[in-house]
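Please examine the model shown below alongside this briefing. The notes that follow are grouped by topic.

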Amino acid sequence: MGEARVFHFAGHAVYWRDGIALVVVPDAADPRADGRLGILRITPATQLPAELAVFSACSTADLEENATVLPTRLAESALLAGAHHVVGTLWDVDSSATGRFDAALYGFLQQGKSVPEAVSAAVGSIRTLGEFQHPYFWASFALFQTAD
């Protein structure tokens, strides 16, 4: 993560030890218990000096443990870890809509749009698709960014 200009995670997020963790491939050789379980926590101490971090994962807001996952915690941690822009989701998202959003986002970035412009344009592009017109499909994508 330390050298990435863009950090993109597509998968699942879970509530883990009073915060949000990303579910990754377990690593039996990892000395950390979380790593052996396949849990990646991003904390302010994590090195994530990316221009853009995209978390294409469900917020898992209604966990069986009755805990609430707040994407702002993950976004805040990523910003404090060095990311300049963070895109996250505010609730459980539809995989097809998220895939369309991601493709549109990177397409707009390749066209030279700024991150805020690209996020707005990507949301606008999926809103126009018949099957994704309901706000459930597009309104969950949120941009968090540093002030500079």
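In helix α4, Val115, Ala118, Val119, Ala121, Ala122, Val123 and Ile126 are buried, where buried means under 20% relative accessible area, exposed over 50%, and partly exposed in between (1.4 Å probe, protein chains only). This is a predicted model, in which local features need pLDDT of at least 70 and side-chain atom pairs count only at pLDDT 80 or more, while totals for chains, interfaces and linings use all residues. Residues are numbered from 1 along each chain as its sequence is written, and side-chain values use heavy atoms, with hydrogens and water left out.

**Overall architecture**

- The chain contains five helices and seven strands; helices (H or I, at least four residues) and strands (E, at least two) are DSSP runs, numbered from the N terminus.
- Along the sequence, these elements follow the pattern β-β-β-α-β-β-α-β-α-α-α-β.
- Of the 148 residues in the chain, 42% are buried.
- Contact means heavy atoms within 4.5 Å; among contacts between residues at least 6 apart in sequence, 66% join residues at least 24 apart.
- The accessible surface of the chain is about 7,900 Å², with 54% of it belonging to carbon and sulfur atoms; these areas come from the Shrake-Rupley method with a 1.4 Å probe, and for residues only the protein chains shown count as cover.

**Helix α4**

- The 13 residues of α4 reach 18 Å from the first C-alpha to the last, close to the 18 Å expected at 1.5 Å a residue; the expected span is 1.5 Å times one less than the number of residues.
- Its buried residues pack against β5 (52-57), β6 (85-89), α3, α5 and β7 (141-145).

**Helix α3**

- With 16 residues, α3 reaches 23 Å from its first C-alpha to its last, close to the 22 Å expected at 1.5 Å a residue.
- Ala97, Thr98, Phe101, Asp102, Ala104, Leu105 and Phe108 are buried in α3, and the buried residues of this helix pack against β1, β5, β6, α4, α5 and β7.
- At the start of α3, a side-chain oxygen of Asp94 comes within 3.1 Å of the backbone nitrogen of Ser96.
- Thr98 has a relative accessible area of 6%, and a polar atom of its side chain lies 2.9 Å from the backbone oxygen of Asp94.
- Neighbours within four places in sequence aside, Thr98 is in contact with Ser56, Val93 and Phe141.
- Gly112, which follows α3, has a positive phi, near 100°.

**Nonpolar cores**

- A nonpolar core is a set of buried Ala, Val, Leu, Ile, Met, Phe, Trp, Tyr and Cys residues joined through side-chain atoms within 4.5 Å.
- The largest such core has 19 residues, and Phe7, Ile42, Leu48, Phe55 and Val86 have the most contacts inside it.
- Two or more residues of this core come from each of β1 (6-11), β3 (20-23), β5, α2 (71-80) and β7.
- A second, separate core of 16 residues includes Leu52, Phe101, Ala118 and Trp138.

**Salt bridges**

- The whole structure holds two salt bridges, each defined as a side-chain nitrogen of Lys or Arg within 4 Å of a carboxyl oxygen of Asp or Glu.
- One joins Arg32 to Asp30, with the closest N and O atoms 2.7 Å apart; Arg32 is partly exposed at 44% relative accessibility, whereas Asp30 is buried at 12%.
- Glu131 and Arg100 form a salt bridge at 3.9 Å, N to O.
- This pair links distant parts of the chain, 31 residues apart: Glu131 is in the loop between α4 (115-127) and α5 (135-138), and Arg100 is in helix α3 (residues 95-110).
- Glu131 is partly exposed at 47% relative accessibility, and Arg100 is partly exposed at 41%.

Definitions and conventions: Polar contact = N/O pair within 3.5 Å; in protein donor to acceptor, adjacent residues only side chain to side chain.
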